[in-house]
Amino acid sequence: MAASKPGTKRRTGFLDGQIEIPDDFDRMYADEIIALFEGDDVSAVAEAEAPGEGDDE
């Protein structure tokens, strides 16, 4: 990663309102990550919790 040039200011907030972070960001894919550490079948966990698939709302 390149360092900023001396004397240049970093713009903060320039993406304000353009991106959205989900409320569960810190818990996303937690079951899959735990399954990887425990050596379980990750694909079975992912299929069981696939959001929106198979839901007829």
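Modeller: A helix here is a DSSP run of H or I with at least four residues, and helices are numbered from the N terminus. Alanine 44 lies in helix α2. Please note that the model is predicted.

Colleague: How many helices and how many strands are there in the protein?

Modeller: The protein has two helices and zero strands. Between α1 (30-38) and α2 (42-48) there is a loop, and aspartate 40 lies in that loop.

Colleague: Is alanine 44 buried, partly exposed or exposed?

Modeller: Buried means under 20% relative accessible area and exposed means over 50%, with partly exposed in between. Alanine 44 has a relative accessibility of 40%, so it counts as partly exposed. The C-alpha atoms of alanine 44 and glutamate 32 are 9.2 Å apart in space, while 12 residues separate the two in sequence.

Colleague: What share of the residues in the protein is buried?

Modeller: Of the 57 residues, 4% are buried. The protein exposes about 5900 Å², and 52% of this area is supplied by carbon and sulfur atoms.

Colleague: Which residues gather in a patch of negative charge on the surface?

Modeller: A patch of this kind takes residues with over 30% relative accessible area and no salt bridge. Glu38, Asp40, Asp41 and Glu47 gather in the negative patch. Aspartate 40 has a relative accessible area of 43%, and is therefore partly exposed.

Colleague: Which residues form a nonpolar patch on the surface?

Modeller: Phe14, Leu15 and Ile19 form that patch, and together they have about 310 Å² of accessible area. Leucine 15 is placed in the segment before α1. Its relative accessibility is 37%, so leucine 15 counts as partly exposed.

Colleague: What is the phi of tyrosine 29, and where is this residue found?

Modeller: Tyrosine 29 has a positive phi of about 60 degrees, although this residue is not a glycine. Tyrosine 29 is found in the segment before α1. With a relative accessible area of 56%, tyrosine 29 is exposed.

Methods
Residues are numbered from 1 along each chain as its sequence is written. This is a predicted model: local features need pLDDT of at least 70, side-chain atom pairs count only at pLDDT 80 or more; totals for chains, interfaces and linings use all residues. Side-chain values use heavy atoms; hydrogens and water are left out. Patches are made of residues with over 30% relative accessible area and no salt bridge: like charges are joined within 9 Å, nonpolar side chains (Val, Leu, Ile, Met, Phe, Trp, Tyr) within 5 Å. Accessible areas come from the Shrake-Rupley method with a 1.4 Å probe; for residues, only the protein chains shown count as cover. A salt bridge is a side-chain nitrogen of Lys or Arg within 4 Å of a carboxyl oxygen of Asp or Glu. Lys and Arg count as positive and Asp and Glu as negative; His and the chain ends are not counted. The place of a charge is taken as NZ of Lys, CZ of Arg, CG of Asp or CD of Glu. Buried means under 20% relative accessible area, exposed over 50%, partly exposed in between (1.4 Å probe, protein chains only).
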